[in-house]
Amino acid sequence: MTISAGTDAGDVGPIHGPALFREFQLMKEAGLTPMQILQCATANAAKLFGGDTGAHIGSIDKGNFADLVILKSNPLDDIKNASDIERTVKNGVVYTADSIVH
């Protein structure tokens, strides 16, 4: 069985970022390790997404989309650190967290 992380943010109530981090906490409470949770949000999500897009997301590799989140602290120490964002890279362009979140 493959577990994936992803919010239902199109529904009334969930907000994309905070809902995902809440999902991470719930996965932790369910017994998943931080590494397993990160895999759910990256490689597993890409696998389940499928198609041409799924083939180019979920890992850092030549030919994949250049979308990354650079964190200030290690999420393997505690999954809550996944929300401690330093920078975001979208389509190869670097953004500081404070430049996109006001």
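This is a predicted model: local features need pLDDT of at least 70, side-chain atom pairs count only at pLDDT 80 or more; totals for chains, interfaces and linings use all residues.
Reader: What is the order of the three strands in the open sheet?
Author: Residues are numbered from 1 along each chain as its sequence is written, and side-chain values use heavy atoms, leaving out hydrogens and water. Strands (DSSP runs of E, at least two residues, numbered from the N terminus, as are helices, runs of H or I of at least four) pair when DSSP finds at least two bridges between them. Here the pairing is antiparallel, and the order is β1-β2-β3.

Reader: Thanks! Which are the edge strands?
Author: Look for strands that pair on one side only. Those are β1 (68–71) and β3 (93–96).

Reader: Which residue in the turn of the β2 and β3 hairpin has a positive phi?
Author: Two residues lie between β2 and β3 in this hairpin. The positive phi, about 55°, belongs to Asn-91.

Reader: Now the largest pocket: which element gives the largest share of its lining?
Author: A pocket is an open set of points on a 1 Å grid over the protein atoms alone, where a 1.4 Å probe fits, with protein on both sides within 12 Å along at least five of seven lines; lining residues have an atom within 4 Å of a point. The largest pocket is lined by 32 residues, with Ala-41, Thr-42, Asp-67, Leu-68 and Val-69 nearest its centre. Elements giving two or more residues to this lining are α1 (16–29), α2 (34–41), α3 (43–49), β1 and β2. The largest share, five residues, comes from α1.

Reader: Where in the protein chain is confidence highest?
Author: Mean pLDDT for the chain is 87, and 88% of its residues reach 70 or more. Confidence is lowest in helix α5 (residues 97–100), at a mean of 79. The highest mean, 95, is found in α2.

Notes: pLDDT is the predictor's confidence in each residue, from 0 to 100.
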